[in-house]
Amino acid sequence: YRALGEFGGPATASFSRLWLGKAIYSGKMNLHFGRVNEQYGDTARIGPRLLLTRDPALIRKMNAVRSPYTRAEWYNSLRLHPTRDNIVSFRDETIHNKLRTQMSHGYSGKENMYLEHDIDERLLQVLGLIRSKYVSTDTEYRPMDLARVTTFFTLDVISTIAFGKSFGFLVTDEDPFDYLKQLHVFLPAIMLFSVFPDVQKIMRLPLIQRLAPQATDVTGLGKIMGFARDVVGERFGVDKVVRKDMLGSFITHGLSREQLESETITQITAGSDSTATSIRMTLFLITSNASIYSTLMNELTTAHEENRLTRPILRDTESRTLPYLQACIREGLRIYPPVTGLLAKEVPPQGDVIDGRFVPGGTSIGWNSWGIMRLKRVFGQDVDVFRPERWLPGGGQSKEQIDNMEEVVMLAFGYGRFGCLGKPVALMELNKTIAEVSLPSFSLILRYQDN
Ligand code: HEM
């Protein structure tokens, strides 16, 4: 009770996790986190031995390469495989670091020859799906659930780039093995386990383990586990498939068959919902503001008319030359950072001093991504407004401020030795999708497909 007494926070947080449990249960945890740091300062107490911070400097310090901070108990909840840890859940930094080095080549795209091509193929499939099923006519109104289609897209992208085989969600425009349905139960459960570590211990009991997803299941995460097991199996043995993709890179860098099975499941879950959230929220924010939408369309139309965009899908390098598009993507990540879980790190045994206050060893410090992205001292006074202009010269921020904003918004992908390995993939997906779906010459792509 006294240990973190110098930090402000909700009254019950000093002796229980009640406040945190309620915040998570409400389904609006991001808003509760935002308010708590607004009220009690950049670092606040939200539970016994648990702080929440929106201070970018503290986050960089905890995640820095030589920092003595480690992953806190929170990360145990990210163990998806029934018996094995994975790159996101290992708390031993030596093991995590080794795995990260082995896997970074595959994630960076340097050893994945098909990365950009695979994303293009899936994007063309989305555009084809829209054309065949969701273009309204004079007599028929055909609404499309953007949230669903973006999730199908990112799931098919990640499966294709991970092991050269798409799950096929876009082909059928269906969730044939109830993956999404189970995710709606599964993700909130992860959040609950992360707050109440004792529940995790119960989940590890052999009897309960039998209820957990299995590779033999015909639905949900278990089905994905079975898919991963089969695809990994094809890469070993006498008639093994050799392919220069992510899986191929991981094998080259020494991952065992068991590790691969566990890591591929992680890859699917880490890389699909996060990117889909970003795409759908950014598209939603752009298209619900006529002025922003028309400014973006003008930029894209001009680039297209000046033959600066490869058809049918623009190159990733081309998208980076379009300032308004890039501003919209950054503003989307800022207004709606997709990863809002605590990602708590643990203070080293000797303790630390934060803002002049002593924090004992073993204290967990979670991040408040929602709060970070709404820091007025970084982004300006109108932080709740989706305003891509803030990223451009003349939009109210100086060059130095924009450079600082860039560094802070990229914290949405974590930082340093815990930073997102899939960031280049996610940004490529965002760059291409936001541009192509917004492009007024969308009809030209449709005609291209006809030919
Ligand atoms: C907009 C999309 C994405 C966002 C915002 C995002 C964000 C994050 C964050 C915040 C972390 C954790 C940092 C920490 O533990 O402190 C993370 C880790 C990770 N992400 Fe992403 N991510 C995205 C997309 C992806 C994609 C597409 C992939 C796969 C291709 C991916 C793979 C990973 C992996 C493997 C890790 C674990 C890295 C490690 O433990 O060393 N992510 N991501």
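Tutor: Helices and strands are DSSP runs numbered from the N terminus, where a helix is H or I over at least four residues and a strand is E over at least two. The model is a predicted one, in which local features need pLDDT of at least 70 and side-chain atom pairs count only at pLDDT 80 or more, while totals for chains, interfaces and linings use all residues. Residue numbers start from 1 along each chain, as its sequence is written.

Let us begin with Ser 159, which belongs to helix 6 (residues 146-163). Ser 159 counts as buried because 26 other C-beta atoms lie within 10 Å; the class buried begins at 20 or more such atoms within 10 Å, exposed means 12 or fewer, partly exposed is in between, and C-beta atoms are placed from the backbone. Leaving out residues up to four places away in sequence, Ser 159 touches Lys 165, Ser 166, Phe 167 and Ile 268, a contact being two such C-beta atoms within 7 Å. Ser 159 and Ser 272 are 113 residues apart along the chain, yet their C-alpha atoms are separated by 9.3 Å.

From there we can turn to the ligand. Helix 13 (257-287) and helix 20 each supply at least two residues of the shell around the ligand, and helix 13 gives the most, with six residues. In total 22 residues surround the ligand, the closest being Gly 271, Gly 414, Phe 418, Cys 420 and Gly 422, where a residue is near if its C-beta atom, placed from the backbone, lies within 6 Å of the molecule. The shell divides into 14 nonpolar residues, seven polar and one charged; here Ala, Val, Leu, Ile, Met, Phe, Trp, Tyr, Cys and Pro count as nonpolar, Asp, Glu, Lys and Arg as charged, and the others, Gly among them, as polar.

Cys 420 deserves a separate look, since UniProt lists this residue for "binding site" in an unreviewed entry; such annotations may be inferred rather than shown by experiment, their positions follow the numbering used here, and feature names are shortened. Cys 420 lies in the loop between helix 19 (399-409) and helix 20 (423-438), and it counts as partly exposed because it has 19 C-beta neighbours inside 10 Å. Not counting residues up to four places away in sequence, Cys 420 touches Phe 413 and Gly 414.

Strand 2 and strand 7 run parallel and are joined by four bridges, with Leu 50 bridged to Ser 364 of strand 7, whereas strand 4 (residues 345-346) and strand 7 (residues 364-367) pair in the antiparallel sense over two bridges. Along strand 7, Ser 364 and Gly 366 point one way, Ile 365 and Trp 367 the other way, and all are buried. Thr 53 lies in strand 2 and counts as buried because 25 C-beta neighbours lie inside 10 Å; beyond its neighbours within four places in sequence, its contacts include Asp 42, Ile 365 and Trp 367.

Technical notes
Pairing = 2+ DSSP bridges.
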